Amino acid sequence: MRLTILDTGHGFGTKALFALIRAVSRQPVLDVIRLVRYRPDFYGKPMQRVTHEAMRGPSPWSVADRELMAAFVAKTNGSEWCTRAHTAVAQGAYRDEAKVSGVLSDLETAAIEEPLRATLRMLRKVTREHTVDADDMRVVLGAGASREQIEDALAVCFSFNTMGRLADAFGFFVPGPKAFEAGAKYLLARGYR
Amino acid sequence: MSDIREGRRAVVARILEGDGRASHADRRAAFDNAGLGEPLQSLIDKVAKSARDVTDEDIAAAKKSGLSEDQIFELVVCAAIGQATRQYETALAALDVATKKTEKE
């Protein structure tokens, strides 16, 4: 972590919480938790509300689909931390590791439905080029995705284009797979609150 | 469907208009990725355009220019949310155009 305040600048109660997390999970506290718990009124609390709604709110997409979108946006940004974190969550949610790794390695040949594939292509363009036009959207609609599905996918895209930038800019420590598995279990049980 | 409108409005209002250690003007400039002095502008531009390329040196240079860690924290958050906001709003506008046309047809 490039800012000392994000590593050790938390209040006493939050540090006690971190100690509890370490004791219960037997894993290091993920840097994302350090980030959202640092001066939480500024960023963590209001942003977690957005992310929870995008990832766990009512939607025609499943939780697994949305976690896959998060991992895919992270991969597109080249954010190693976020890609690992949300690959673990998506694999847990689908209970299908191959499906997730298939999408992340080659979207075009992956075994997924066309509306999801077209939506992911569009999210890749938004993420990589920062822009899309109406023709791009017509392609996604034509592949069978509804307006609601596209809007919900863009909400996921918003959250993870924010999160990935912060993970990379602040230099999140990339722990081993067990720490991400523990984080994934938590996110699937409790969401982003 | 999920509804992030109110939540998104609240987070943007909080980071740009609420209390903070960085000035309101600098937070707005970081959000817009425009109008900051060096070396901060380079850091903010990287956060917006290619955050994976941010280095320890970029953060060290911002600190050396006199910014506190809390100010850097706030400005980087503003830059990240600002870029994600532009992406999101551009995409929603494109979707509006596409769905209006579809309805007419």
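Predicted model: local features only at pLDDT ≥ 70, side-chain atom pairs only at ≥ 80, totals over all residues.

**Entry 1: the contact between chains**
I started with the contact and got 47 residues from chain A and 41 residues from chain B. On the chain A side, the elements that give two or more residues are α1 (4-8), α4 (44-56), α9 (134-142) and α10 (147-170). Which of them gives the most? It's α10(A), with 17 residues. I also sorted the chain A side by class and found 24 nonpolar, 11 polar and 12 charged residues.

**Entry 2: A:M137**
I picked A:M137, which sits in helix α9 of chain A. Is A:M137 buried or exposed? I counted 25 other C-beta atoms within 10 Å, and the cut-off for buried is 20 or more, so A:M137 is buried. Then I listed what A:M137 touches, leaving out residues up to four places away in sequence. In chain A I have A:V132 and A:I150, and across in chain B there are B:A94, B:L95 and B:A98. I also checked A:M137 against A:M122: they are 15 residues apart in sequence, and their C-alpha atoms are 7.5 Å apart in space.

**Entry 3: the core**
Next I went for the largest nonpolar core, which has 90 residues. Where does the largest share of the core come from? Helix α5 (residues 69-104) of chain B supplies it, with 15 residues. I followed up on B:A79 and, again skipping residues up to four places away in sequence, found that B:A79 touches B:A30, B:F31, B:N33, B:I44, B:V47 and B:A48.

**Entry 4: α6 and α7 of chain A**
I wanted to know how these two helices pass each other. The axes of α6 (residues 80-94) and α7 (residues 97-105) of chain A come within 8 Å and cross at roughly 135°. The crossing is right-handed. From α6(A), the residues that meet α7(A) are A:T87, A:A90, A:Q91 and A:Y94, and the α7(A) side has A:E97, A:K99, A:V100 and A:L104. By class I put this contact down as 4 nonpolar, 2 polar and 2 charged residues.

I stayed in the loop between α6 and α7 of chain A, where A:R95 sits. Phi of A:R95 is near 55°, a positive value in a residue other than glycine. A:R95 is exposed, with 8 other C-beta atoms within 10 Å.

A:R39 also has a positive phi, near 40°, and A:R39 isn't glycine either. I found A:R39 in the loop between α3 (31-36) and α4 of chain A. A:R39 has 20 other C-beta atoms within 10 Å, so I marked A:R39 as buried.

Last stop was chain B. Which residues does a cis peptide bond join? B:E38 and B:P39, with omega about 5°. B:P39 lies in the loop between α2 (24-32) and α3 (40-50) of chain B.

How values were computed
Residues numbered from 1 in each chain as written. Chains lettered and ligands numbered in written order. Contact = placed C-beta atoms within 7 Å. Helix = DSSP H or I, 4+ residues; strand = E, 2+ residues; numbered from the N terminus. Nonpolar A, V, L, I, M, F, W, Y, C, P; charged D, E, K, R; others polar. Axes fitted to C-alpha atoms, helices over the stretch in contact; angles between N-to-C directions. Left-handed = near helix turned anticlockwise from the far one by under 90°. Core = buried A, V, L, I, M, F, W, Y, C linked by C-beta atoms within 7 Å. Buried ≥ 20, exposed ≤ 12 C-beta atoms within 10 Å, placed from the backbone.
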